[in-house]
Amino acid sequence: MIEDFDFATVLAGIQADDLEISESYVADIKDRTKYNANLAAYFVRLFEERDRDSYFRRSYAVGGCGQTMLFDFHNKTRLADLIRIELCHDRFCLNCAKMRQATYLQRFMPFILALSDDKDILHLVLTAPNVSAPYLRSYMGIFFEAYGRLIRILNGTVKIRGVDLSPLGFAAALRNTEITYLRKDYHLHIHSILAVNKGLVMPKIHRNKFSYNYVKDPETGKVRREYVRSFSDFELFLQKLWRLLVDRIAARVFKFGLLCTEALPPSSPLYYVFRDGIALQASACKKKGAVTLDSIRSVGNNHGYSVVLDPVANGNFIQVFKYAFKCEDENAAFMSYENFVALQDGMHGKKFMQGYGQWRKLNCNDRIEDSFDEFFAIFKAYLWQVDRPESVHLTLDETLAKMRAGEYTFITRSKLRHILSESSKQALLSHKDDLPPAPVPQFSFSDLGLAYDRYIRNKERLQGFGEIQQIIDPDNGHKVVLLSEQQLHFLEEIF
């Protein structure tokens, strides 16, 4: 029976240093949301310019992201269980980007590791010249189409006469997208992992223009060239192939003005697609625009686009699942409103994560997920039986103050499995059928009042609901929000 479970023994193995929720964890959330007020102001400005309600709602969500945390405080056992953090799930929010990265790692790692026994996992990075804002969205579509064609060539679906890629043993790929920017230029990267045959020998023996970085000496002002890396034969092949794929799709798109908002200026990197003739070279192949071995050979070693292929170091997949972009440009300055609008319009509706081959059916949506599992569900249900909690919303500063007071041990579902002993886990799991599930926390009265207050304050959009009434509770001196039956009904529909 559950009464025989030794709860004290379980808690004895928990050490403060092992816990995920710490002061630094909360401080990191504060740091990652330092730009959210600026982003909220940008969304309000965009709403005023375009009069789309979605921008208005996103300004609220971004502005409030990470500002409150919901805890279950178990007063008998002195445990504080983090239930959720208020998140906006917006692509511009660095806090949500970090948590989305953790979601990707948790979601995809089991499938990656399942192939790693039989396959080598490689990190592939593909780039091309910078583009200006009017071409960003179009170029993202070009990149994604070119990557899809590249995968079909690597897996053998599309053949290139004279090129045998079967020794590669392509099994799967996972694609993510990153955008960096400086002033009006935007630089696209595709970060991808490939599962290929083990033990492929690809010595890096070639140097080209991508082997060097050019660094300006701050004292003399002179630019010096620094060696970075060499490339294998296969990387050179991919650089040329990637150039052909991207340029030919770009030529098709921009030649007819598709998806382009203005005429192609000579200052644009895409201008060279037409000027140097690589994209439009005549081919012996009957299928117009097809990539052939001759067309690949015609691209010089310095004329491809940057492609880097390396083994994933020590199982570190962070680079593959990194942020789509940052709120700071390459000079660490906060993005301008023009950068914000360009990224917003360029990314709208685009799917950044995509699986191929054996990973093609992976769930690649960008929603942030909690690592709630069966083990924690049992643990939580047991806590509710022996120590019914009090659900409390705390700001980040209030959370830090509670932690520093040292009265509670702060736990999370993602860390609990790792800090309990195996015997405690097995003992807890053995009572799986003895417990009803723990109730799911709902919005409290104060939550609804706060949401309502925040919603109608701006633009006076809900004037029909009247003024929010507040009184002082004589017992504790706290402000209490009074809502009418109509207001409560409205909020129930929202939440």
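Mentor: The protein has 16 helices and 14 strands, where helices (H or I, at least four residues) and strands (E, at least two) are DSSP runs numbered from the N terminus. The model is predicted, so local features need pLDDT of at least 70 and side-chain atom pairs count only at pLDDT 80 or more, while totals for chains, interfaces and linings use all residues. Residues are numbered from 1 along each chain as its sequence is written, and side-chain values use heavy atoms, with hydrogens and water left out.

Of the 495 residues, 46% count as buried; buried means under 20% relative accessible area, exposed over 50%, and partly exposed in between, with a 1.4 Å probe and protein chains only. Among contacts (heavy atoms within 4.5 Å) between residues at least 6 apart in sequence, 78% join residues at least 24 apart.

The largest nonpolar core comprises 90 residues, a nonpolar core being a set of buried Ala, Val, Leu, Ile, Met, Phe, Trp, Tyr and Cys residues joined through side-chain atoms within 4.5 Å. Tyr139, Leu154, Leu194, Trp242 and Phe340 have the most contacts inside this core. Its largest share, 13 residues, is supplied by α6. Beyond its neighbours within four places in sequence, Leu154 touches Leu165, Leu168, Phe170, Leu194, Phe234 and Leu238. Apart from this core lies another, of 18 residues, including Phe108, Ala171, Val312 and Trp359.

Leu150 belongs to helix α6 (residues 133-154). With a relative accessible area of 0%, Leu150 is buried. Setting aside neighbours within four places in sequence, the contacts of Leu150 are Leu124, Leu126, Leu238, Leu241, Trp242 and Leu245. Leu150 and Leu245 are 95 residues apart in sequence, yet their C-alpha atoms are 7.7 Å apart.

Ser306 sits in the loop between α9 (293-297) and β9 (307-311). Ser306 is also buried, at a relative accessible area of 18%. Not counting residues up to four places away in sequence, Ser306 touches Val125, Leu126, Thr127, Phe210 and Gln239.

Helix pairs come next. The axes of α2 (residues 23-32) and α5 (residues 94-116) come within 7 Å and cross at roughly 125°; axes are lines fitted to C-alpha atoms, for helices over the stretch in contact, and angles run from 0 to 180 degrees between N-to-C directions. This makes α2 oblique to α5, since angles under 35 degrees count as roughly parallel, over 145 as roughly antiparallel, 65 to 115 as roughly perpendicular and the rest as oblique. Tyr25, Ile29 and Arg32 of α2 meet Leu94, Asn95, Lys98 and Met99 of α5. By class, that contact holds 4 nonpolar, 1 polar and 2 charged residues; Ala, Val, Leu, Ile, Met, Phe, Trp, Tyr, Cys and Pro count as nonpolar, Asp, Glu, Lys and Arg as charged, and the others, Gly among them, as polar.

Within α2, Val26, Ile29 and Arg32 are buried. Seen down the axis of α2, the buried residues fall within an arc of 125°, so they line one face of the helix; the arc is that of the directions from the helix axis to the C-beta atoms. An α-helix has 3.6 residues a turn, so residues three or four places apart point the same way. The cover over the buried residues of α2 includes α3 (36-50), β1 (68-74), β2 (79-85), α5 and α12 (396-405).

α3 in turn packs against α10 (residues 337-347) at about 70°, with axes 11 Å apart, and the two are therefore roughly perpendicular. Leu39, Tyr42, Phe43, Arg45, Leu46, Glu49 and Arg50 of α3 meet Tyr337, Phe340, Val341, Gln344 and Asp345 of α10. This contact has 7 nonpolar, 1 polar and 4 charged residues.
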